[in-house]
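Please take a moment to look over the sequence and the model below before reading on. The paragraphs after it are meant to be read with the structure open beside them.

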Amino acid sequence: MATLAFNHEEIAARELKPALFELDGISRTTIEAHYRLYQGYVAKRNEILGSLATVDLGAANQVYSDVRSLKVDLTFAVGGIKNHELYFEHLGGEGGDPAGPIAALIERDFGSADAWRADLRATGMAGRGWAWTAFDWDEGRLFNYVGDAQNSYPIWNATPLIALDVYEHAYFLDYQTDRSSYIDAFFDNLDWSTIDDWASKYQIPK
Ligand SMILES: [Fe+2]
């Protein structure tokens, strides 16, 4: 049995900031539902990395093997963590039009804030799990990418700045099947100062 013992640290779920329980049009119950799922992703990420420490590398097989199962499911768990940490962090604001340097980036790459909003809304309506506004470092521009699950379809070498959760748990309690009204509420609660801080931190080129 060939195994690769490697170091990994367990991570803990981040706490929710209090502002998330007072959003406009997205209930506390809905935020708590996201959070329980997020805690589950953190627990499974830790569990999977623990299992990978003793997996039989010699048995790796593309049809079925423990290595395959663990590595594929790790992408779902890690995606669920990263997506929700973005989502939680950039909600709790006043919405409205982009402000600060991010406004200029959006105008450059989408033409206007309205055009960006219309495109992200359509991307969210077309997705089965997520829509992201991300900066693609190879193309040198922002683009709204669609996601069907936590691990599909992030683009390599792109940095997500806005993460719109459109899984049913994100809106069904508050809007039943009216996803579009939930997307309105999402826009109304965006915290542009947080998004702008990310754009600065990552040094997105202007
Ligand atoms: Fe969620």
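This is a predicted model: local features need pLDDT of at least 70, side-chain atom pairs count only at pLDDT 80 or more; totals for chains, interfaces and linings use all residues.

Which residues hold the iron ion? The protein donors are His34, through its ND1 atom, His84 and His169, each through NE2, and Asp165, through OD, and these donor atoms lie 2.0 to 2.2 Å from the iron ion. Along the sequence the donor residues follow the spacing H-x49-H-x80-D-x3-H. The angles among the 4 donor atoms run from 95 to 135°, and the site of the iron ion is classed as irregular. As a point of reference, the ideal angle at a metal with four tetrahedral donors is 109.5 degrees.

Asp165 belongs to strand β3, which covers residues 158-165, and both Asp165 and His169 are buried. The side chains of Asp165 and His169 are joined by a polar contact of 3.3 Å. Although Asp165 is buried, it has no salt bridge, and the nearest side chain of opposite charge, that of Arg179, is 8.7 Å away. Leaving aside residues up to four places away in sequence, Asp165 touches His34, His84, Tyr87, Gly129, Trp130, Ala170 and Tyr182.

Ile106 counts as buried because its relative accessible area is 1%. Setting aside residues up to four places away in sequence, Ile106 touches Pro98, Gly111, Ser112, Ala113, Trp116, Leu142 and Trp192. By contrast, the C-alpha atoms of Ile106 and Leu52, which are 54 residues apart along the chain, are separated by 41 Å.

How many salt bridges does the structure hold? There are 8 of them, and one is formed by the side chains of Arg14 and Glu85, with N to O at 3.3 Å. This pair links distant parts of the chain, with Arg14 in the segment before α1 (28-52) and Glu85 in helix α2, 71 residues apart. Glu85 counts as buried because its relative accessibility is 17%, and the cut-off for buried is under 20%.

A second salt bridge joins the side chains of Arg117 and Asp114, at 2.7 Å from N to O. Both residues, Arg117 and Asp114, lie in helix α4, 3 residues apart, which is about one turn of the helix. An α-helix has 3.6 residues a turn, so residues three or four places apart point the same way. Arg117 counts as buried at 18% relative accessibility, whereas Asp114 is exposed, with a relative accessible area of 52%. Together with Asp97, Asp114 and Arg117 are linked in a network of salt bridges.

Another salt bridge connects Arg121 with Asp184, whose closest N and O atoms are 2.5 Å apart. Because Arg121 lies in helix α4 and Asp184 in helix α6, the pair ties together parts that are 63 residues apart in sequence. Are these two residues buried, exposed or partly exposed? Arg121 is partly exposed, with a relative accessible area of 23%, and Asp184 is also partly exposed, with a relative accessible area of 34%.

Technical notes
Residues are numbered from 1 along each chain as its sequence is written. Side-chain values use heavy atoms; hydrogens and water are left out. Donors are N, O and S atoms within 2.8 Å of the metal (3.2 Å for Na, K and Ca); water is not among the atoms, so sites may look incomplete. Four donors count as tetrahedral if all angles lie between 85 and 135 degrees; four count as square planar and six as octahedral if opposite donors are over 155 degrees apart and all others between 65 and 115; anything else is irregular. Buried means under 20% relative accessible area, exposed over 50%, partly exposed in between (1.4 Å probe, protein chains only). Helices (H or I, at least four residues) and strands (E, at least two) are DSSP runs, numbered from the N terminus. Lys and Arg count as positive and Asp and Glu as negative; His and the chain ends are not counted. A salt bridge is a side-chain nitrogen of Lys or Arg within 4 Å of a carboxyl oxygen of Asp or Glu. A polar contact is a pair of N or O atoms within 3.5 Å; within protein, one must be able to donate a hydrogen and the other to accept it, and residues adjacent in sequence count only if both atoms are side-chain atoms. Contact means heavy atoms within 4.5 Å.
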